[in-house]
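Subject: The model we talked about

Hi there,

Here is the model I promised to pass on. Have a look at it first, and then read on for my notes.

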Amino acid sequence: DSTPFTVDIAVPFKGHHIEPPPQVAETSPKELMSFFRDMSRMRRMEIAADQLYKSKLIRGFCHLYDGQEAVCIGMEAALTQQDNIITAYRDHCTYLGRGGTLPEVFSELMGRKDGCTLGKGGSMHFYKKENGFYGGHGIVGAQVPLGAGLAFAQKYEKVKAATFALYGDGAANQGQLFESLNIAALWDLPAVYVCENNHYGMGTAEWRAAKSPEYYKRGDYVPGLKVDGMDALAVKQAVKFAKDHAITKGPIMLEMDTYRYHGHSMSDPGSTYRTRDEISGVRQERDPIERIRKLILLKEIATVADLKNIEKEVKKEVEDAVAKAKESPQPDPSALFSNVYVKGYGSRAFGCDRKHSSAVLP
Amino acid sequence: DSTPFTVDIAVPFKGHHIEPPPQVAETSPKELMSFFRDMSRMRRMEIAADQLYKSKLIRGFCHLYDGQEAVCIGMEAALTQQDNIITAYRDHCTYLGRGGTLPEVFSELMGRKDGCTLGKGGSMHFYKKENGFYGGHGIVGAQVPLGAGLAFAQKYEKVKAATFALYGDGAANQGQLFESLNIAALWDLPAVYVCENNHYGMGTAEWRAAKSPEYYKRGDYVPGLKVDGMDALAVKQAVKFAKDHAITKGPIMLEMDTYRYHGHSMSDPGSTYRTRDEISGVRQERDPIERIRKLILLKEIATVADLKNIEKEVKKEVEDAVAKAKESPQPDPSALFSNVYVKGYGSRAFGCDRKHSSAVLP
Amino acid sequence: MQMNVRDALNSALDEEMTADSKVYLMGEEVGEYQGAYKVSKGLLQKFGPERVLDTPITEAGFTGIGVGSAFYGLKPIVEFMTFNFAMQAIDHIINSAAKTNYMSAGQISVPIVFRGPNGAAAGVAAQHSQCFAAWYGSCPGLKVLTPYSAEDARGLMKAAIRDPDPVVFLENELLYGESFPVSAEVLDPSFVLPIGKAKIERVGSDVTVTAFSKMVGYALKAAELLEKDGINVEVINLRSIRPLDRETINQSVRKTNRLVTVEEGWPQHGIGAEICMSVVEESFEYLDAPVERITGADVPMPYAANLERMAVPQIEDIVRAVKRACYRSASGK
Amino acid sequence: MQMNVRDALNSALDEEMTADSKVYLMGEEVGEYQGAYKVSKGLLQKFGPERVLDTPITEAGFTGIGVGSAFYGLKPIVEFMTFNFAMQAIDHIINSAAKTNYMSAGQISVPIVFRGPNGAAAGVAAQHSQCFAAWYGSCPGLKVLTPYSAEDARGLMKAAIRDPDPVVFLENELLYGESFPVSAEVLDPSFVLPIGKAKIERVGSDVTVTAFSKMVGYALKAAELLEKDGINVEVINLRSIRPLDRETINQSVRKTNRLVTVEEGWPQHGIGAEICMSVVEESFEYLDAPVERITGADVPMPYAANLERMAVPQIEDIVRAVKRACYRSASGK
Ligand SMILES: Cc1ncc(C[n+]2csc(CCOP(=O)(O)OP(=O)(O)O)c2C)c(N)n1
Ligand SMILES: Cc1ncc(C[n+]2csc(CCOP(=O)(O)OP(=O)(O)O)c2C)c(N)n1
Ligand SMILES: [Mg+2]
Ligand SMILES: [Mg+2]
């Protein structure tokens, strides 16, 4: 049922140098059901990743997105795949939102051949270029000018679409963000700077890292909007507004007020720099999935049992994907030397012992 | 005669998140006479450098400060040498202001032994640490966090003084400026960010490089003040105010509205991206030396002839210094290997042909 | 016909921008000012402000933008006023450009050229004189080109722009005004040089001298002087630091049995060291004398003319090293 | 007694901060979080927030601040969460820190330590695995230290903090938890190691193996295995990449006549190349076999465990290379 209806957005938008959009979002039963399903799938996926990490099937860094799902889901609801998205290392759900599949995610996390980058990139480096997802970046802040560059290319190619560059509250202090924003503003690039403010950069609370943690104002001369990032419909409305602004007038900044339930990455218990009460408070009062569940029930779009069923279904999906991924083989050893270049001109790439292992790059 | 009197400051200060200081400066006949003499000396020095460059006695880059003298002079009038100054490559006059001498300047410019860095640094790298001058930096923007670091050290050592970090309108867009300002604000560092807005970064007019060329506002959440940088007394008053603010409350930004008469450096005629009318207009209406000359005459502190005499004297000083510098020998070849380290532990530094030239570093 | 390096670069940019509308140029002063060193002269007038973009002095920002646009499929040419300033943006050159094709398993290629003057100019002191050939040359995912002549400049620039991978293109300010003879073939818009291939600038039999950029000219002059002493020098213009043409170098050394490497950069972990290692690895038994290296002095660049002269390789340094390599007999080993 | 590298570093920081009030520590998560890898554990509690400063994630900004404060005379220790992130600040490390004492003719010295984990950890892929030893090691004005054991970590860290020049101190995440025997002398607060001196970790007669950081352990294990094959390996722990202890290396090679270099970084213009060149320059006639090098594979670091294993040197690589170096007879040259 895709009959549209409107929902009031509870938390008021706050504008900086701009009139905020109406405090109301259009949606439909169908959309709300897909929000519920997609966010539940993401939540399950991240929990499964946590378990795989603990059983040592995932190595290295692994940054989970649970708690922040509404940002991804709401954003996708307002965008097309002509629009670009680029983000940092906390990228599993963004990948899913852009059309990636669970088995690709789990295979990649376990470094297998069927992963989204054949096991070469790992958790932090997911991409889906054909659907406008440009990664998956490990260096804090770097994705932001890269995003402005994607917006530059859209404008250069006269594509009427925008690029959404996502970064954290910690990254929000990075100089390259300000450098690229100035250029984006000078050149009227269709770039949307999206600060996912989950209130901590690793173990550092926002106010300890930023003199001014009002991130939607940090563009100074660039307009900004503060959004309840736990409310997928608020995000959808804000992103629609921002996309339009970006295409017609140039860059704009969104601050998404959100929260990560997990620690920063797997080595961080996530409980030394914040209280358990704080976490459970957010879970109880602001959880993005629960909000949609409530709305669905309120509007009598589905029953409690229907929703439980969906949760069971996605749980199964995730389990199946994990099982499938576990079957995926490790990448072929020859992958060590592939993709160093697009064009290798027959030069030679060397292994650790060059007299023992090397390859000619085509 | 050091009897104090007050002078109204013609161009109103503009404040950002701060109440500007009173529109009046205290001075004295003695101070005005020293302003006149010091600025005239600087002007002469830069013109002499221009000539030495043209006769190929100065090599490489050479950035002249004529037109901007009031910033340096006004600043020195409000500071002590416990306060630190750090600037970019346009540093000859800053060095003089901090107690350097003309022969040291010219010797350095010609790469001679009696230069302020024995000929090793050249035009862009003057220092006078004992008087609180920390260079002389060639990388646009880099001096700004370095200046914040000097301020950090003052605070750490509980010295009640401030650091003035000078940068151009072009540099004002550098990300490291915003990064360090955030830290300076978080840590309440006694740092004053001084944008010398001469309206061009090389051949680029301010508005082509900055979406918001209101540099005194670019600190966003940090207060700022716009100052007529062609008026030494306005500068003095603003710097006094800023120093006090920095020591008691933390960082503040000053925008000095100023102008460079010469091209960016010696290879730039300085006339392709701005009109000759613009330059001569500034010379006629805003010249920092002429302003002080008028004030001296108005207040009958000295006669036209007295001032002409001073100009003759400084001309002679400059000529003598040039002559003296020309006598200075090139640095000793052994200087090639000195100062690579403070402590070399007896390691060996190599020349271009290591079997022919090398040195043990003590 | 004669052509200077500046015009060679300018014509290459012009032709490739004409040939492919995805190619664009950005950097400080590349447009209205016509380039700090006038390499981009006339391009703004010809291609307009959409394709020739003046940037603020914010290397990290505009380099990131360039790389991002290459992710999308554009072919940016990012000019650094000099490569010293690229240090502010080196994270994007390495982490965002060089590694992305690999990390994405080929999904996102990065067809971008980073160009500008590299190494020492004249009298610009320590912060403006660094050679970055060895640093960039160490990074898989990058290609690093170092033209010497007008032919190199044209052929390698055109190759770099057409190449689908990130290319670091290291020019030399002191060569911009230098003129070289160029053939009709070199002037043809279809002219291009292969990436990863060195050029034997001078055939010789007694000793191999490798050099790149400005030092190729010095090596050739040294070879002329040495000719008078009866030493017949083979001069290899490396052209490409990465991929390094190990084959040409080793073949030459197998013929001459002696090797002198020349570079302007600092010695430690330099190009000379790599070439020596490569020859020891592949042609050890052919070496009749220790490899000699001539490099920039192992100090920050001083300003004073006499010190500066001591800090950058001179022709006499090359001559001396070649003589050492040659007068040492195989048995003296 | 046993001590792990983390505690060795922690105790060195603690002692030097106790001894000199000008020493302070800054970086991301060094304070309240106790260090991303807990190297700075307890220091905030002991020395207070004036001397242990948590910074925002803005490497260029805080590194510049650190260097500026060193100009003034403080002795900052700047922690990079890993050295990969120091690329954002490398302009300050090179242009502001390394070159200033020279440019100012000794007027402004820069007593600063840049420290943090360098090179590959486990499973962190291309952007988090780069080794910067060769880059920093190429720059005059810097000192570059690479501890292996707890003794190294303590002695070199204390030396670095006391040193009046900028020191790049490259740790290894995978070594933090590794324990080593330490003597009472090493535990004494007065203990310090000399900068610029390598350590012969194992005396041998047949072949010299040079290594640094984690690879010293691998080289020692390879030496044990090779012992069984009757090959007596001398293992040199470089400790200092710059100044490089050419004397110790050359002396060893003059004794063993064979050399294998080991490093985790990329090969081109690497530590191995420099060491090879140094031995060719100074001890060519002593070499009985080509120098062999074991390095990180010449690719960005892949994530998958099997590929990653192929991309970082393994003990078997060292064993194989040593055998090649030894079984090749002098006459076969
Ligand atoms: C330049 C750089 N410095 C440090 C790091 C290490 N690091 C990775 S994530 C992170 C915290 C980032 O916090 P935030 O931007 O708020 O994003 P979040 O993790 O909360 O999504 C840090 C310090 C890095 N990857 N890159
Ligand atoms: C990082 C960096 N990029 C580029 C340059 C080259 N450059 C030197 S000065 C300059 C212009 C700076 O203009 P501005 O900051 O306004 O200072 P002004 O010269 O006007 O005093 C440029 C582009 C540099 N030195 N450093
Ligand atoms: Mg965060
Ligand atoms: Mg300016």
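How far apart do the C-alpha centres of domain 1 of chain A and domain 2 of chain A lie? They lie 36 Å apart. The domain bounds, which come from an automatic or database domain assignment, are 5-331 for domain 1 and 333-362 for domain 2 of chain A.

Before the rest, some housekeeping. This is a predicted model, in which local features need pLDDT of at least 70 and side-chain atom pairs count only at pLDDT 80 or more, while totals for chains, interfaces and linings use all residues. Residues are numbered from 1 along each chain as its sequence is written, and chains are lettered from A and ligands numbered from 1 in the order in which they are written.

**Chain C and its domains**

In chain C, the assignment gives domain 1 as 2-187 and domain 2 as 199-328. Their C-alpha centres are 26 Å apart. Contact between them (C-beta atoms, placed from the backbone, within 7 Å) involves 23 residues of domain 1 and 22 residues of domain 2. On the domain 1 side, α6 (133-137), β6 (143-145) and α7 (150-162) of chain C give two or more residues each. Helices here are DSSP runs of H or I with at least four residues, and strands are runs of E with at least two, numbered from the N terminus. That side of domain 1 divides into 15 nonpolar, six polar and two charged residues. For these classes, Ala, Val, Leu, Ile, Met, Phe, Trp, Tyr, Cys and Pro count as nonpolar, Asp, Glu, Lys and Arg as charged, and the others, Gly among them, as polar.

**How chains C and D pair**

Chain D is superposed on chain C by a rotation of 180 degrees with 0.0 Å of shift along the axis, at an RMSD of 0.0 Å. The two copies are therefore related as by a two-fold rotation axis.

**Chain A against chain D, and the ligands**

Between chains A and D, 40 residues of chain A are in contact with 38 residues of chain D. Both α7 (206-209) and β11 (347-350) of chain A supply at least two residues to the chain A side, which has 18 nonpolar, 17 polar and five charged residues.

Ligand 1 lies between chains A and D. It is surrounded by 20 residues, the closest being V140(A), G168(A), G170(A), A171(A) and G201(A); a residue counts as near if its C-beta atom, placed from the backbone, lies within 6 Å. The shell around ligand 1 has nine nonpolar, seven polar and four charged residues.

Ligand 2 is surrounded by residues from chains B and C, so the site is shared between chains. Of its 19 residues, V140(B), G168(B), G170(B), A171(B) and G201(B) come nearest.

**Residues to look at**

A325(A) sits in helix α11 (residues 304-327) of chain A. Is A325(A) buried or exposed? It is buried, because 23 other C-beta atoms lie within 10 Å; the cut-offs are 20 or more for buried, 12 or fewer for exposed, and partly exposed in between, with C-beta atoms placed from the backbone. Leaving out residues up to four places away in sequence, A325(A) touches P103(A), F106(A), S107(A), M110(A), R112(A) and D114(A).

Most residues other than glycine have a negative phi, and most peptide bonds are trans. Here are some exceptions:

- Q34(C) has a positive phi of about 75 degrees and counts as buried, with 20 C-beta neighbours inside 10 Å.
- A105(C) has a phi near 50 degrees and lies in the loop between α5 (100-103) and β5 (113-117) of chain C.
- R242(D) and P243(D) are joined by a cis peptide bond, with omega about -5 degrees.
- G135(A) and G136(A) are also joined by a cis peptide bond, with omega about 25 degrees.

Happy browsing!

Methods
Two residues are in contact if their C-beta atoms, placed from the backbone, lie within 7 Å. Copies are superposed by least squares on the C-alpha atoms of residues with pLDDT of at least 70 in both.
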